[in-house]
Amino acid sequence: MISLSDFNHQHTQGSLAVSVQNLGLTYTTSIDKKPTLKSRIKSLGRGKKHTRIVQALNGVSLDVHYGTVLGIIGSNGAGKSSLMRVISGIVPPTQGRIEVHGSVSTLLALGVGFNQAMTGRENVYLGGLAAGMSRAEIDANFQAIADFSELGEAIDAPMRTYSSGMFARLAFSVAAVVEPDILIVDEALSTGDAHFKAKSLNRMKELRTADRALILVSHALATIEDLCNEVIWLDKGKLMARGNPTEVIAAYREFMNVRKSASSDEDV
Amino acid sequence: MSQPVIVYEPFKAGLPPMRAYLRSLWHRRAFISEFARSELREQNFGSVFGQLWLVLNPLLLSAVYFLLIYVIGGTSDEIRFGHLTATLFLFYLIANSLTGGVKAITSGQRLILNTSFPRVMLPVSAVVVAIFKFLPTFVVAIAIHIILGLPYSWQMLWAFPVLLISIVMALGMAIMISCINVYFRDISSMLPYLTRSLLYLSPILYEASTISASIKQFQIVNPIFYLLDSWSRVIVHAEAPTMYGLIHSSIFALSIFIVGTYFFLSRERDFAVRL
């Protein structure tokens with residue numbers, strides 16, 4: 001587990017940011033969304049299965065260098081989010097090894113707001129402290145986060161009063177303002193209104209500097225093509241292709257038999 | 001850079017690397033205090049007395065028992081009143097840890113799915129909240145002790161080791177139940193009945209010395225029976241706790257803590273995929 005405060009290195013372009021070696025992830029998960037003791041007792045002796053084993057990633061190896069904007073594409077269940085979670089240290093791998101050379105900030109599917117009864121401000125502090133930042137670091141960044149999110153006075157309102165767009169704006173602001181060495185964004189650019197979408201896209205472009213690595217998961221192929229200088233394509237937990245965005249996306253499209261239609265490009 | 005900054009590898013024996021885990025937990029102690037503060041603020045948010053409720057609540061509770069024993073019961077049994085309030089307050093430390101702990105992981109879903117941190121931080125935070133709620137009640141219990149004119153002695157310093165055992169017990173219970181609730185989500189709905197039963201089975205509404213030996217032999221399985229008895233001896237009677245009471249509660253506290261923590265740590269990697 002890493003703290004953002006521990007690393008404020010200057011990284012040179014081309015130096016290694018993340019190295020994933022022969023990564024495998026297998027986990028057991030419950031079949032029911034909310035498993036209960038009651039359902040377990042009711043099904044005693046009926047031979048009903050309660051868990052299933054998921055092989056999310058299998059033999060994935062990849063290096064990400066500083067200065068790279070890596071896009072990850074693939075269909076639902078391809079292992080994109082699993083890969084992001086393993087690189088961020090949220091789920092430990094079952095096989096292989098991951099080396100991370102720098103501070104990581106993650107903006108995965110859900111973002112901030114872990115206690116909805118608390119205010120946006122409290123949630124930003126709690127999220128930051130949980131990620132290993134110090135109170136002083138959050139103090140220093142808080143105004144910028146609040147300004148970027150454009151929430152105004154709502155930052156001091158309980159988060160249960162937030163709309164989904166407000167949630168997403170705050171989450172993106174936290175991840176993007178902190179200026180980590182490695183920023184991991186999972187499907188998070190697709191929320192918020194057109195204005196905020198454009199703003200977050202611009203911010204992503206600003207963060208594309210030589211001493212930073214960005215990893216971006218999205219179904220929006222046009223955005224990936226626009227932002228990234230390298231793309232990997234995952235399918236059923238395996239690395240299918242890696243390389244130039246245009247070529248990999250073309251191969252993926254061909255594989256998926258998806259033509260460049262408005263529906264797949266509409267959302268960023 | 002020749003040295004990798006951080007390495008993620010499969011867990012050995014199902015447990016995370018403990019030294020790094022504890023270091024990471026210590027590094028995030030500010031989270032625990034911030035969480036406790038926000039949680040208490042939020043629970044009393046918008047009420048007229050705000051944080052004053054932390055003191056008002058135990059005062060009102062003891063007022064109810066005062067009414068019950070002195071006014072309705074018509075007796076002036078200082079020992080009984082002192083025992084009831086003191087043990088009830090300690091019981092609430094355990095009960096609040098359980099209630100706070102049970103949903104610590106399931107309600108921390110967003111944080112768990114998005115951030116890498118030692119998950120045990122969440123049930124520990126719930127116990128810290130329970131301790132913050134307990135401290136004012138301790139002051140109220142002392143005040144009641146003085147007003148009632150109950151005995152004093154140096155033996156009352158035993159309160160600190162007994163309190164320490166209680167906190168270890170509360171931590172163990174909170175950590176264990178938070179993990180069980182990930183696998184069986186209905187545990188949180190059963191918990192009020194569990195704590196209510198524990199309340200009646202423990203020497204709170206009665207003193208341990210008043211129950212018959214045949215019933216008392218079953219109390220060996222109640223983890224908090226001798227803990228509350230020791231607390232009552234120390235705080236109310238100003239006596240030293242019995243050696244048996246201390247050993248019984250210490251063994252239970254340590255066992256629950258060790259088993260609960262092991263269970264939690266060995267399952268922790270599953271949380272992000274089970275929530």
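The legends below walk through several close-up views of a predicted model.

Local features are described where pLDDT is at least 70 and side-chain atom pairs count only at pLDDT 80 or more, whereas totals for chains, interfaces and linings use all residues. Residues are numbered from 1 along each chain as its sequence is written, with chains lettered from A and ligands numbered from 1 in the order in which they are written.

**View 1. Strand β1 of chain A and its two partners.** Helices (H or I, at least four residues) and strands (E, at least two) are DSSP runs, numbered from the N terminus, and two strands pair if DSSP finds at least two bridges between them. Strand β1(A), residues 16-30, is joined to β2(A), residues 51-65, by eleven bridges in the antiparallel sense. Look for A:Ser30, which sits opposite A:Thr51 of β2(A). β1(A) also runs antiparallel to β4(A), residues 95-100, with five bridges between them; here A:Val20 has A:Ile98 as its bridge partner.

**View 2. Where chain B meets chain A.** Contact here puts C-beta atoms, placed from the backbone, within 7 Å of each other. By that criterion, 37 residues of chain B touch 49 residues of chain A. On the chain B side, β1 (6-8), α1 (18-27), α2 (29-43), α5 (109-114) and α12 (271-274) each contribute at least two residues, and α2(B) gives the most, with six. This side of chain B comprises 20 nonpolar, seven polar and ten charged residues (nonpolar: Ala, Val, Leu, Ile, Met, Phe, Trp, Tyr, Cys and Pro; charged: Asp, Glu, Lys and Arg; polar: the others, Gly among them).

**View 3. Helices α3 and α4 of chain A.** The axes of α3(A), residues 120-130, and α4(A), residues 135-149, come within 11 Å and cross at roughly 135°. Axes are lines fitted to C-alpha atoms, for helices over the stretch in contact, and angles run from 0 to 180 degrees between N-to-C directions. A:Val124, A:Tyr125 and A:Gly128 of α3(A) meet A:Ile138, A:Phe142 and A:Ile145 of α4(A). By class, this contact has five nonpolar, one polar and no charged residues.

**View 4. The six-stranded sheet of chain A.** This open sheet has mixed pairing and the order β5-β6-β7-β3-β8-β9. Its edge strands, β5 (104-107) and β9 (238-243), each pair on one side only. Neighbouring strands are turned by 15° against each other on average, direction ignored. Within the sheet, β6(A), residues 182-186, and β7(A), residues 213-217, run parallel over five bridges, with A:Asp186 partnered by A:Val217.

Technical notes. Contact = placed C-beta atoms within 7 Å.
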